[in-house]
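Hello,

I am handing over the structure we talked about, and my notes on what turned up in it follow below. Please have a look at the model first and then read on.

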Amino acid sequence: MSSPLPPLATEDHVCGECSVDYRATPVEDAVGVIAGLPDAVREAVGAIPPEARRVRPGPGVWSVAEYLCHLRDVYVSFTIRLHRVRTEERPALEPMFNDLRARRFGYNDCDVDATLRELAAAAGGFRDEVARMGEGDWDRVATRLPGERRTARWLVRQAMHEGVHHLADIRKIGEFGSELVVP
């Protein structure tokens, strides 16, 4: 039996780890952060020795390659989610099933350079979808779990948070560097 889905972050979420504050982040600022993420991730990954990019630093912690694939998939999934919120009436969002994706799609075996390019394309596609939003679209909602309603505005902030948070995760792994590689 699978574990129940965790609830989505709230509309007014403040992350205790990376300090992202949803209410204090205008959509335009979130999009600006997302625009810079592919280059920041490329730089962070480039600072990590290639042999350390596929090593999990601890139980329940993904490798750099896995975080990279997850980020790519976040922007692909969130592009579709935002499109659905804009074009459908209260769509029910599919969960991403992050750990399942990592296992089934071999995240840890990815071509890192290709995935960095895919992340840039996915983040660009997400920003293109944001640009299609009309002024009246930001309060449109989607659901996932019973009682969970999240706005289009939330989707953009959550997408930014995913990028910021996992960039920090990648940088933390970079702090360990070659210590992670088993001789």
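How far apart do the end C-alpha atoms of residues 38-170 lie, and how much of the span is helix and how much strand? The end C-alpha atoms lie 13 Å apart, and the span is 59% helix and 5% strand. Helices here are DSSP runs of H or I with at least four residues, strands are runs of E with at least two, and both are numbered from the N terminus. That stretch comes from a record: the unreviewed UniProt entry gives residues 38-170 the annotation "domain: DinB-like". UniProt positions are given in the numbering used here, with feature names shortened, and such annotations may be inferred rather than shown by experiment.

Two notes on how to read the values. This is a predicted model, in which local features need pLDDT of at least 70 and side-chain atom pairs count only at pLDDT 80 or more, while totals for chains, interfaces and linings use all residues. Residues are numbered from 1 along each chain as its sequence is written, and side-chain values use heavy atoms, with hydrogens and water left out.

Helix H1

H1 covers residues 27-46, and its end C-alpha atoms are 29 Å apart, which agrees with the 28 Å that its 20 residues should span at 1.5 Å a residue. The expected span is 1.5 Å times one less than the number of residues. H1 bends by about 40° at leucine 37, and proline 38 follows within four residues. That bend is the angle between axes fitted to the seven residues ending there and the seven starting there.

The buried residues of H1 include Val27, Ile34, Leu37, Pro38 and Val41. Buried means under 20% relative accessible area, exposed means over 50%, and partly exposed lies in between (1.4 Å probe, protein chains only). The buried residues of H1 pack against helix H2 (64-87), helix H4 (112-131) and helix H5 (152-176); contact means heavy atoms within 4.5 Å.

The core

The largest nonpolar core has 51 residues, of which Val41, Tyr75, Phe126, Val156 and Ile170 touch the most other members. H1, H2, H4 and H5 are the elements that give two or more residues to this core, and the largest share, eleven residues, comes from H2. A nonpolar core is a set of buried Ala, Val, Leu, Ile, Met, Phe, Trp, Tyr and Cys residues joined through side-chain atoms within 4.5 Å.

Not counting residues up to four places away in sequence, phenylalanine 126 touches Ile34, Tyr75, Phe78, Thr79, Leu82, Leu155, Val156 and Ala159.

Helix H4

Phenylalanine 126 is one of the buried residues of H4, among them also Val112, Leu116, Leu119 and Glu129. The buried residues of H4 pack against H1, H2 and H5. At the N-terminal end, aspartate 111 caps H4, with a side-chain oxygen 3.1 Å from the backbone nitrogen of aspartate 113. Alanine 131, also found in H4, is exposed, because its relative accessible area is 66%. The C-alpha atoms of alanine 131 and valine 31 are separated by 9.6 Å, although the two are 100 residues apart along the chain.

Two buried aspartates

Aspartate 73 lies in H2 and is buried, with a relative accessible area of 9%. Its side chain is joined to that of arginine 101 by a polar contact of 3.3 Å. A polar contact is a pair of N or O atoms within 3.5 Å; within protein, one must be able to donate a hydrogen and the other to accept it, and residues adjacent in sequence count only if both atoms are side-chain atoms. Leaving aside neighbours within four places in sequence, aspartate 73 is in contact with Met96, Arg101 and Tyr107.

Aspartate 169 is found in H5 and counts as buried at 11% relative accessibility. The side chains of aspartate 169 and histidine 166 make a polar contact of 2.8 Å.

Positive phi values

Which residues other than glycine have a positive phi? Serine 19, in the segment before H1, has phi near 65° and is exposed, with a relative accessible area of 55%. Phenylalanine 97, in the loop between H2 and helix H3 (98-104), has phi near 50° and is partly exposed at 44%.

Best wishes
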